[in-house]
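Welcome to a short tour of a two-part assembly. Take a moment to look it over, and then let us walk through it together.

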Amino acid sequence: MINQTNLRADLRAVAELIQPGEKVLDLGCGDGILLRYLMDAKQITGRGVELSEEGVLTCVRKGVSVRQGDLHEGLGDYPDQSFDTVILSYTIPYLNDPAFIVKEMLRVGRRAIVSFPNWGHWRCRLSLLLTGRIPITPGLPQPWDTSPRARPLTIRDFGEFCERHQVRITQEIYLQGARRIPVRRDKNLRATTAIFELV
Amino acid sequence: MNTNNSVGIVAPQFFTFAQDAPMQLDSGETLGPITLAYETYGTLNQDRSNAILIVHALSGHAHAAGYLSSDEKTLGWWDDCIGPGKAFDTNKFFVICSNVVGGCQGSTGPSSINPKTGKPYGLNFPVITVGDMVRAQTHLLDHLGIEKLLAIAGGSMGGMQVLEWCARYPQRVRAALPLATTARHSPMLIAFSEVGRQAIYADPNWNRGDYYDGTRPNAGLALARMIGHITYLSEMSMHDKFGRRLEERERFGFDFETEFAIESYLRYKGERFTERFDANSYLYITKAMDYFDLCNGHRNLAAAFANSANIVYLVVSFTSDWLYPTYHSKELVSALTAVGADVSYLNIQSSWGHDAFLLEVETMTGLISNFLGRVVNEFKIMEIGN
């Protein structure tokens, strides 16, 4: 059984936002670890969507209900407001059309939770300045040429994105490694991971 | 004979019903009495909640697992997946496989004796549908005292029966595994059915279905089967399995004998098929598949499953299956999602074409056993002997 201590810090922070008994859809659920944890710890009804065959097989092994699919083509089937929460964890850098997906999340769910690694962290900025190489975040430690390609974004980018698309941020959580840091003006410099609740 | 992980030697069983009152068919006609051939493996638990019904494809039969005798050639058609420790684990589940009505392998079909005439039905046998096949199976389950199936699973036409069960008898199914299938038979599938039927009609021995006293239309049936086998493979699997290899020859003979390995394979499969299958049954069963369309009478596919949202689904398709392409399964998954059903779906990477549902044993074993494990947990199914 997965317990809180062996759950990755960003997933733990997402899990804390979920109320017991919720109906949760996790987009890009990977190996299903978050849903499994929430099913055990909070008795949620969980559904996952995952692109890779390996991920789907691992989810089924964990007893998680999972559907193989591409988020861009698959979300339309879900009825309006059929979930309490729709989660997009560490997946937004991989999306071709994040505005479409976020709007779909808010159509399908009462609220959305989006988390991503922050390329605005000072180490990333310094790394580009000093080494002249595209920085790698600890959260997504893949070089720029691996597949699928991630598009870097920062906390400020995401804030402006939400404003542009009239999406309201109702909660924000920032982590530096596994540690929570206060919501302050320097968050985009200090946070390695950002987690937003949107409505 | 390898008896490791095998259910061993099994005996076919027969159940006859509709002796007094014939069974109503979708066509408006009636049929009775009806015999269904079936086999069972494993043990039914105390509260009769661990039963899994396996339903077969076009040419399948009730003998899904184990051997009929000490002869190794009598291995069941899905033995890879049914047995102790296998995908459908007979240490945990009571597995039933039923032959379809209209078939010719122990169940009532066009080659059976018509009680009214004392002669085989031939074309006097009423046209049946997938719905009729399923209705007949409900009688078998009543006979076995199983009110609710833990799961129902099948590929191809078996998958159609699975979906028909879900649409018509949702209260009798907990979990459904439609594999490499469709919710509506496509025009291309109808086209292949029709070419197969035409091959049979064109055989002079067919004699409008009245051939049971004389020579059988084996040439027509074999040709129909050869066409079928092409559609079960993929271009790539033919390359891998046969290539351009010649059989029993070093170089071209410049004649019309069987030369290429693929030719010899198809001929062999066609001839073997005539030893066990009845040409009229081939007509009736392909017709039943052609009529299969769960949308029929509904606004859309989702409406067909409006009352089936409580079933837990595992839908599987295969990347190289061009007979039942992936988009058929995706349409099904969309409809099930739209009604809020719990549906898991995987498009398995495979080069085997439609046959992949029988051949991708390793992936299927993990997927199916884990899925069934979840269903057992969620519905708190009792273990055998408890």
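## Two domains in chain B

In chain B, the C-alpha centres of domain 1 and domain 2 lie 26 Å apart. The domain assignment places domain 1 at 13–185 + 293–378 and domain 2 at 191–286, with bounds that come from an automatic or database domain assignment. This is a predicted model, in which local features need pLDDT of at least 70 and side-chain atom pairs count only at pLDDT 80 or more, while totals for chains, interfaces and linings use all residues. Residues are numbered from 1 along each chain as its sequence is written, and chains are lettered from A and ligands numbered from 1 in the order in which they are written.

How many residues of domain 1 of chain B are in contact with domain 2 of chain B? There are 24 residues on the domain 1 side, facing 20 residues of domain 2 of chain B; two residues are in contact if their C-beta atoms, placed from the backbone, lie within 7 Å. The domain 1 side of this contact divides into 12 nonpolar, 11 polar and one charged. Here Ala, Val, Leu, Ile, Met, Phe, Trp, Tyr, Cys and Pro count as nonpolar, Asp, Glu, Lys and Arg as charged, and the others, Gly among them, as polar.

## The nonpolar core

The largest nonpolar core has 164 residues. Such a core is a set of buried Ala, Val, Leu, Ile, Met, Phe, Trp, Tyr and Cys residues joined through C-beta atoms within 7 Å. A residue is buried if 20 or more other C-beta atoms lie within 10 Å of its own, exposed if 12 or fewer, and partly exposed in between, with C-beta atoms placed from the backbone. This core draws at least three residues from each of domain 1 and domain 2 of chain B.

The residues with the most contacts inside the core are B:Ile52, B:Ile54, B:Val95, B:Ala151, B:Ile152 and B:Ala176. Leaving aside neighbours within four places in sequence, B:Val95 is in contact with residues including B:Ile52, B:Ile54, B:Ile82 and B:Phe88.

## Where the chains meet

The contact between the chains takes 20 residues from chain B and 14 residues from chain A. On the chain B side, helix H9 (326–338), strand E14 (342–348) and helix H11 (361–378) each supply at least two residues; helices (H or I, at least four residues) and strands (E, at least two) are DSSP runs, numbered from the N terminus. By class, this side of chain B has eight nonpolar, 10 polar and two charged residues.

Helix H3 (residues 53–61) of chain A packs against H11(B) at an angle of about 35°, with the axes 8 Å apart. These axes are lines fitted to C-alpha atoms, for helices over the stretch in contact, and angles run from 0 to 180 degrees between N-to-C directions. In this pair, A:Leu57, A:Val60 and A:Arg61 meet B:Gly366, B:Leu367, B:Asn370 and B:Phe371.

## A closer look at chain A

Is A:Leu38 buried or exposed? A:Leu38 counts as buried because it has 26 C-beta neighbours inside 10 Å. This leucine is found in helix H2 (residues 33–42) of chain A. Beyond four places in sequence, A:Leu38 is in contact with A:Ala15, A:Ile18, A:Val24, A:Ile44 and A:Gly46.

A:Leu51 sits in the loop between strand E2 (45–50) and H3 of chain A. With 18 other C-beta atoms within 10 Å, A:Leu51 is partly exposed. Not counting residues up to four places away in sequence, A:Leu51 touches A:Gln68 and A:Asp70.

## Backbone details

Two cis peptide bonds deserve a look. One joins A:Ser147 and A:Pro148, with omega about -5°, and A:Pro148 is in the loop between helix H6 (122–131) and helix H7 (155–164) of chain A. Another runs from B:Gly32 to B:Pro33, with omega near -10°; B:Pro33 lies in the loop between strand E3 (30–31) and strand E4 (34–41) of chain B.

B:Phe254 has a positive phi of about 50° although it is not a glycine. This phenylalanine lies in the loop between helix H5 (235–241) and helix H6 (261–276) of chain B, and B:Phe254 counts as exposed because it has 7 C-beta neighbours inside 10 Å.
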